[in-house]
Amino acid sequence: MLLPPSLPAGDVVVHDVLADEANGYTRQDEVVGGGVGRAHDLGLWLSTETTRLVVDRLPGRAAYPRQSGPGRLFTLLPGQVGRYRANFRFTVTSCACNPSWYYEDWLILVANDQVRRDEFISRRPDHDVDHRVHLYGG
């Protein structure tokens with residue numbers, strides 16, 4: 001999915017893409033910008049150490065794979081880009097009487113500093129973390 005031609009201002013910009021079976025996998029996307037609190041919505045904690053940007057994963061609510069606590073994904077120097085990929089299985093409710101699931105596949109790119117839009121998606125990341133798993137535990 002390509003980034004929209006213009007992006008909102010903010011320290012964090014989120015391009016959320018949804019393809020749901022309920023609507024025939026028709027893609028819907030939304031772009032929002034804001035402060036570092038937006039990263040919390042994605043299960044990330046961003047902090048700075050002098051000029052370095054530290055990216056940690058927060059514990060999540062996924063049914064599988066379970067995340068026990070925060071985990072360091074990477075530390076970015078100025079101008080660097082990091083890529084985090086993960087997939088999850090979530091339950092619709094917390095009740096055992098409803099065995100419905102939904103799945104999410106994440107691709108998150110993080111840059112420390114301004115990066116041109118085309119460079120952000122086309123360049124090889126300086127750090128690449130892949131936490132994708134077989135979602136049935138195999």
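A nonpolar core is taken here as a set of buried Ala, Val, Leu, Ile, Met, Phe, Trp, Tyr and Cys residues joined through side-chain atoms within 4.5 Å, where buried means under 20% relative accessible area, exposed over 50% and partly exposed in between (1.4 Å probe, protein chains only). The model is predicted, with local features needing pLDDT of at least 70 and side-chain atom pairs counting only at pLDDT 80 or more, while totals for chains, interfaces and linings use all residues. Residues are numbered from 1 along each chain as its sequence is written, and side-chain values use heavy atoms, leaving out hydrogens and water.

The largest nonpolar core holds 18 residues, and those with the most contacts inside it are Leu 44, Val 55, Leu 73, Phe 74, Tyr 84 and Val 110. At least two core residues come from each of β1 (12–19), β3 (44–49), β4 (52–57), β5 (71–76), β6 (81–91) and β7 (101–111); strands (E, at least two residues) are DSSP runs numbered from the N terminus. The biggest contribution, 4 residues, is made by β6.

Val 110 is in contact (heavy atoms within 4.5 Å) with residues including Val 55, Phe 74, Gln 80 and Phe 120, leaving out those up to four places away in sequence. Gln 80 itself sits in the loop between β5 and β6 and counts as buried because its relative accessibility is 18%. Its side chain reaches the backbone nitrogen of Leu 77 at 2.8 Å.

Turning to strand pairing, β6 and β8 pair in the parallel sense over 5 bridges; two strands pair if DSSP finds at least two bridges between them. Asp 128 in β8 is the bridge partner of Arg 83.

Terms used:
Polar contact = N/O pair within 3.5 Å; in protein donor to acceptor, adjacent residues only side chain to side chain.
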